Amino acid sequence: MGPLSQRTHFSLFFLLIIIIEGQYQWVQAQHCVWYGECGESAKVQGKKYNCNYTGPPIPLPQEEEELLNELCPGYKYGNLSLCCDGQQLRTLKGSLQLPLQFLSRCPACFYNLMNLFCELTCSPHQSEFLKAINITHDPDPGATNKSNVVEVEYYIGETFANAMYNACKDVQAPSSNVKALSLLCGRDASECTPTNWIQYMFDTSNGQSPFSIDPIFSDVPVSNMTPMNNATFDCAQVLDDGSGPCSCQDCSAVCGPTPVPPPRPPPWTILGMDAMVVIMWVSYMAFLLLFAGAAVGAWGYRKRTIMSEYGPILDSNDPLSLNNDSIDQVDATCGETLGERFENALRILFTRWGSFCVRQPLLVVLSSLVLVSACSGGLAYMRITTDPVELWSSPSSQARQEKEYFDSHFGPFFRAEQVIITTTVNASVVYQPFYGGLDVPFQSILDINVLHQVLDLQLAIEGLVASYGEEKVTLKDICLAPLAPYNNNCTILSVLNYFQNSHTQLDRVITDDFWTIADFHTHFLYCVSAPASLNDTSALHDPCMGTFGGPIFPWLALGGYDATNYNNATALVITFPVNNYHNDTVRIGKALAWEKEFISFLKRYDNPNLTLAFNAERSIEDEINRESESDLSTVVVSYAIMFVYISLALGHIHSLRRLLVDSKVSLGVAGILIVLSSVACSLGIFSYAGVPLTLIVIEVIPFLVLAVGVDNIFIIVQTYQRDERMPQEELDQQIGRILGDVAPSMLLSSFSETVAFFLGALSTMPAVRTFSLFAGLAVFIDFLLQISCFVSLLGLDARRQEGSRLDILCCVKLPEGQEEKTDGLLFRFFKKVYAPFIMKEWVRPIVVAVFVGMLSFSVAVINKVEIGLDQKLSMPDDSYVLQYFKNMSEYLHTGPPVYFVVEEGHDYMSLAGQNAVCGGVGCNNDSLVQQVYTASLIGNYTTIGFNPSSWLDDYFDWVKPQSTCCRYFNSSGAFCNASVVDPSCVPCRPMTPAGKTRPTGGDFMRFLPMFLSDNPNVKCGKGGHAAYSTAVDLLGNDSVGATYFMTYHTILKDSPDFIDALKMARDLAQNITTSMGHKVFPYSVFYVFYEQYLTIAYDTALSLGVSLGAIFVVSAVLLGLELWSAVLVSLTIAMILVNMFGVMWLWSISLNAVSLVNLVMSVGISVEFCSHIVRAFSISVRSSRVERAEEALANMGSSVFSGITLTKFGGILILALSKSQIFQIFYFRMYLAMVLLGATHGLVFLPVLLSYAGPSVNKAKVFAANKRFAGTERERLLNF
C-alpha cells in the first residue's frame, strides 16, 4: 500500500488521491491472471491453455490440499485461496516429472525450481509479476464466455534466477554421466545460464509448456510489475522441512575447493643432469684411475721380481712357483681334494659311458629312438594357446581373479566391433540457428550427404549374414539388446542413432515459407548436449535416445573434436557391442563367424568419399595368427641356414681328395635331428601333462636348444678331431676318454641352464613360466641324447672316416692313402693369433676399460628402458588393424569403461550401508560415488574421465513418491509402468514424511526388481532396465549381491597411459575399500593385459636373479667346489644381462613378457659362452693365470665361436627380413644383441678377467693330472 505522507505541506486533496491510488493497486495485486484449464493448446498436443480470469483468488478444495503440499511444500496462504485449481496442479505435476526425477536429488535446487513454477501457476499475488499479453476466445462451443491465456510475461527477479541456477548447476544425472542441466536446458550444461535455462523451460518448443511464457528478468519494478523474487535456498543449506544440504557431487559449495593433483615427482638430477648418468660417469672414472694405478704397480712389481709373466715359473725357490717342491709333496686343501675327486668321478663315469655308447651303437640309437617316439607321442594331445588372456595373465593374478569375478556375476564384457570413419569430401558449412545465436561451423563428416552414405554403410553392416555350421547368423542374433524382450533393437553407438538410423528422420526439416526452422543440424546440436532426451524440444520434437532404448554419448560416437565442440568432429565412430559368453562355445562361435563376415565386408567396401579404419574383437588374435603363418617362411629359412652351416662346419677337411670322407654332413644332420628331437620330447611330455603351448615356445625354444645343443656338438666333434689316439687305445676308449674330458663341461652348461630355466618357471607370468618349463626340459633331454645317441653316431662316423668311406654314401670307399692330420683353420687362428693377442699386456687393460665402460653406460640407462608393449608392434606391417590403432589414437576422446565393483556382502538395506555408496543427499563425503566423482575432477591425474553412473542414486530418485515412476497395481502388486494409465496403479510409497525418505529394509528389496525391469519413457526417464539391468546381481528377492558403478577412463594412447590408468584405478578402489570397510575393486577389459607391467620390474629381477643364483650353485658344484670360478661365471653373465638392458634402451626395445622371455633365454645362451671357458681355465695346469686363460681360450674359443656365434649369426640376419614388427624388434634385435654380447664377453672379456682374477690352480688337480699322464705322450702337454 502506498505510504501516508508525513509532510505537512501536501494538501489534503493530494493525500486523498494517493490513498485512493494505493488502495487501487492493492486491490489490483490481489487478482488472478488465470484459473482452471480451457481449450486445447495449438502448439503442444495434449496440453491445455489456462482460462483467463481476473477475479480474486479462489479457495482450493480440501481434497486438493495434499497435492498442493506435494508440489509446493510450505505453501501457506491463509485459507488457501489460490489462482489455480486441482487440474492445474495435476498438469503441473505431469509437466515437472522429468525435472523432478533429475533435480530432486538436490533438495534446495528442486525447492527453488518448484517455487518458480508454484508462484507462476497458483500464487494469489499472480498479477504482481504475471501479465497476460495474448488472450483468445475459446472456440469450444461448450466453453461459454471463456477465453484462453495464450501468452504471458513472467517478471522474475535476477537474484532469484541466479540463486536457482547456482543451486542446480552441479546436479548430476548418474545414468548419463552428465550434469542434469544438460538434459533440462536444451544445451550442454557448460553453455547453460540462468536466463537461457528459464527461457528454455518456458518455451513451447520443449513440448511441456502449452503456451508462451516470456520471462523478463529484473530486480526492480518494471512497467508497474514487481518481479517475483522469493527467498531461495543455497544448495549447501538445510531446508525448513529438515532436508539436508545437497551432496558434494551435486553442489560444489559443499565440497570446498577443487582437489589439486599432487605434482609429478621431479626427475632425479645432480647439477641439472640425470643423476644415474652422473653417478656412473664418476664411478667409471674412479674405476679407471684405480685400475690404471693397480695395473702399473703390478707391472712394475713383476718386472722387478719375475721378469715376465709369460715365462714358465721354474725357479723352485720362488714362492710363486708350482715347482717349489716335488709334485708328490703338494699340500692341497680339503676343498681342492674334494673338487678333484668329484671331477675324477665325473670323468670316469662319462668315460665308461662313452665307451659303452661307441661299443653298442645299435642298442643306444634304438633306445633313443624309442624314448623320443614315446615322448613325442604327446604331440597328439598338443594344444596351442592363442587367447591373449591365457598368454599374458596368470590365473592366480589379481586382475585375472577380478575378471573371473566380474564375468561370473555380471557376464563377460561385451565384444566390440568398431568402425572409425573419415571423409575425403570438403563440405564444411556454417549453420545459422533460426532462433538466433552464434553461427555454428560443421565439419565435412557431418555433411548430410556424407551422413547418408555412412548410414548406408551402417545399415549394410546390420544386414550382414554369416554362416555357422548349418545356421545363418545375423547381428540381431548376437548383439547387445539391453531392453529385450520388450525392445529387440541392437545397441549401435552411432550419431545416426540420434536420427533413429533412418534416412527419413535424417532428412526431416521444419520450414516456414522462407526459413528453415529446424533440421538435422538442430537435432544434432541438441542431442550431443542431452543424449538421454526423449524430445529434442525443437520444432522437430524427435528423440535423441537410440532405437535400443539407451543414450548415445557424443564422446563415444564422434572423434577429432575440440573440447565439447562436437560440431567440429572430423571422424564418426560406430560401435556394435556384441554379447560375450562365459564358457559357451556355440554362442561365441556364432559371434566369431559374424565378426569374420564383418571384417571381410569392410575389407571389400569401397566408397571414394569415405575412409574406414575398423576392428573386430577377433581382429588382433587373427592378425597375430596370420603374422605367425606369414613369418613361418622367414623362420624356416633362418633355421635352414643354421642347419646347412652346422652340417658343413662340423667336418675338418685335410685335403681335397678326402673332401667327401672328412666332411660330416650326415653327422651334422643327425646332431640337428637330435636337437629337434629334444624339443619334440619336451613338447610331448608337457602335452601329456595338459600344459598348453604358446607361440613364444614354438618360435623361441628351437632357437635356444640349437644354441645350446650345437655348441656341445661342436665341442665333442672338434675335441675328437684335435685329439691324438694313444698307443694301444681303441676307438671306443678314445671317444670315451674325450667324453670324460668334455662331458663335465657339457653337464655344467646344460644342467645350469636346466635348473635356471626350471626356477624361472616360478614366474607368475604365463608366457615366461611356460617358456621356462619347456626350455628347461628340452635342454636337459638334449644333453642326454648328445652324450648317448650322438656319441654312438660319432663312433659310427669315426669308423666310416677311418675306413675312408664317403660321407652319406658310406658304401663307397676311397683308396687308402696316408694323410697328415692338421688342426682346423679356426682353431689355429684362436691358438696362434687371437688368444696371444688378447693376452698381451697392453690389450688386457683396454679390454677391461671398454667392458666396464659398457657396463657403466648400461647401468646408467637401465631405469630408462620403457615398460609395456605397444600394441601396434604385435601387428604385421600390412595389417588393417594398424590403421585402426592410428585413427583410434588420433580421433578418439574417451578411454575404455571402468567398473568399480562392490563385492557381495555389502548391506544396501541400511542407511549406513547406503550412505557409504551413494552420491546424493545425506551420503558420506567419502562414499564410493563421491570419491569417483572427485577423482573425475582431476582426470588428467587420476585418468577417471566422468562421474560414475550410480544405480543406487537413480533408484532413490525413481522410488520417490513425488515421482510417477514407481507404481504398482493395487490388486496384484505387480509393477505398473509410468506410461500406463490405470486408476488401480498406486504410488509405491506414501506421500508422508516417512514415505519421502529413502527405502530401507524390506521396502528397499521390494521395489528394486521393479526399478531394474523398468524401461525409461517420456514420463519416467529413470527406469533402470537399459542402464542397470546387469549392474546389480540380485540374490533372489532377499538381498543384493555384487554390484558395479561404471564410468570411463580418459583417453589412453600408449602403454604408459594404460599402466598408469590401472595403477590409479586400484589406488582409488583401495581408498574406497578403506572408507567403506568392504572390498571394492576396479575392472576394465584391458587390466588383465597390463597388470603384468605393474610388477614386471620385480618379476624381471626375480627371474634373472633366481637364474643367476641357480647358475652360481650348479657351477660351484660342477666346477669342483670352486666358488670363485662360479662367482666369475655369474658376474660375467650378469654383465651380459645388464648390457642387454643398455641395448634395449638404445634400440627402443621395451620391457614386457616377450623381452623378458628373451632375457631369460639370454641367461641360458650366456652360460654356453662362459662356462666352457671357465671350466677349461679351472682344469688347466699351466703355471700362470695368463697362460691358463690363453690355453682355455685357444682350446674352447673356436668351438664356442663356431658352435654358437657363427651358427646363430646367419639365422639371425634372416629375421631382419620379417614383415612382423615384433619379430624385427624382439627377435632380430634381441637375438643379435644376446649373441654379440655373449660372444664378446665370453671370448674377449672373460679370458681377460680370468687372467687378472681367475682362481688359483687346484693343486690336487695338478697332482692328479701329472699322475694320470705320467709316462704317456700327453705328459709333455702339461708343461707346453
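Residues are numbered from 1 along each chain as its sequence is written, and side-chain values use heavy atoms, with hydrogens and water left out. Because the model is predicted, local features need pLDDT of at least 70 and side-chain atom pairs count only at pLDDT 80 or more, while totals for chains, interfaces and linings use all residues. A search of the whole structure finds 52 aromatic pairs and 21 salt bridges.

**Sheet E20-E21-E13-E22**

- Four strands form an open sheet in the order E20-E21-E13-E22, with antiparallel pairing; strands are DSSP runs (E, at least two residues) and helices likewise (H or I, at least four), numbered from the N terminus.
- Two strands count as paired if DSSP finds at least two bridges between them.
- The edges are strand E20 (558-559) and strand E22 (610-615), each of which pairs on one side only.
- E20 is joined to strand E21 (residues 571-578) by two bridges, and these strands run antiparallel.
- Leu 558 has Leu 572 in E21 as its bridge partner.
- Helix H31 (residues 880-891) lies across strand E13 (415-423), E20, E21 and E22, and runs at about 100° to E22.
- For such angles, axes are lines fitted to C-alpha atoms, for helices over the stretch in contact (heavy atoms within 4.5 Å), and the values run from 0 to 180 degrees between N-to-C directions.

**Sheet E27-E28-E24-E29**

- A further open sheet of four strands has the order E27-E28-E24-E29, again with antiparallel pairing.
- Strand E27 (1032-1035) and strand E29 (1080-1083) stand at the edges with a single partner strand each, so one side of each is left without a neighbour in the sheet.
- Neighbouring strands of this sheet are turned by 15° against each other on average, direction ignored.
- E24 pairs with E29 in the antiparallel sense over four bridges, and Val 901 stands opposite Phe 1081 in E29.
- H15 packs on the sheet and touches E24, E27, strand E28 (1039-1050) and E29, its direction making about 90° with that of E29.
- Helix H36 (residues 1001-1013) also packs on the sheet; H36 touches E27 and E28, at about 130° to the direction of E27.

**Aromatic contacts**

- Rings of Phe, Tyr and Trp (its six-membered ring) pair if their centres lie within 6.5 Å; planes under 30 degrees apart count as stacked, over 60 as edge-to-face and the rest as tilted.
- Among the 52 aromatic pairs, Phe 406 and Tyr 899 form a tilted one, with 5.0 Å centre to centre and 50° between the planes.
- This pair links distant parts of the chain, 493 residues apart: Phe 406 lies in helix H15 (residues 398-410) and Tyr 899 in strand E24 (residues 894-902).
- Phe 406 counts as buried at 3% relative accessibility, as does Tyr 899 at 6%; buried means under 20% relative accessible area, exposed over 50%, and partly exposed in between (1.4 Å probe, protein chains only).
- Tyr 908 and Trp 951 form another tilted pair, at 5.3 Å centre to centre and 55° between the planes.
- Phe 406, Phe 410, Phe 413, Phe 414, Tyr 899, Tyr 1044 and Tyr 1083 form one aromatic cluster.
- The charged end of Arg 1006 sits over the ring of Tyr 968, 4.9 Å from its centre; the criterion is NZ of Lys or CZ of Arg within 6 Å of the ring centre and within 35 degrees of the ring normal.
- Arg 1188 lies over the face of Phe 1177, at 4.0 Å from the ring centre.

**Salt bridges**

- A salt bridge is a side-chain nitrogen of Lys or Arg within 4 Å of a carboxyl oxygen of Asp or Glu.
- Lys 590 and Glu 471 meet in a salt bridge (3.0 Å, N to O).
- Lys 590 lies in helix H21 (residues 585-604) and Glu 471 in strand E17 (residues 471-474), so the pair ties together parts that are 119 residues apart in sequence.
- Lys 590 is partly exposed at 21% relative accessibility, and Glu 471 is partly exposed at 38%.
- Asp 622 forms a salt bridge with Arg 618, the closest N and O atoms being 2.5 Å apart.
- Arg 1066 and Glu 1091 meet in a salt bridge (2.9 Å, N to O), and both residues are buried.
- Asp 954, Asp 957, Lys 960 and Lys 1022 are linked in a network of salt bridges.
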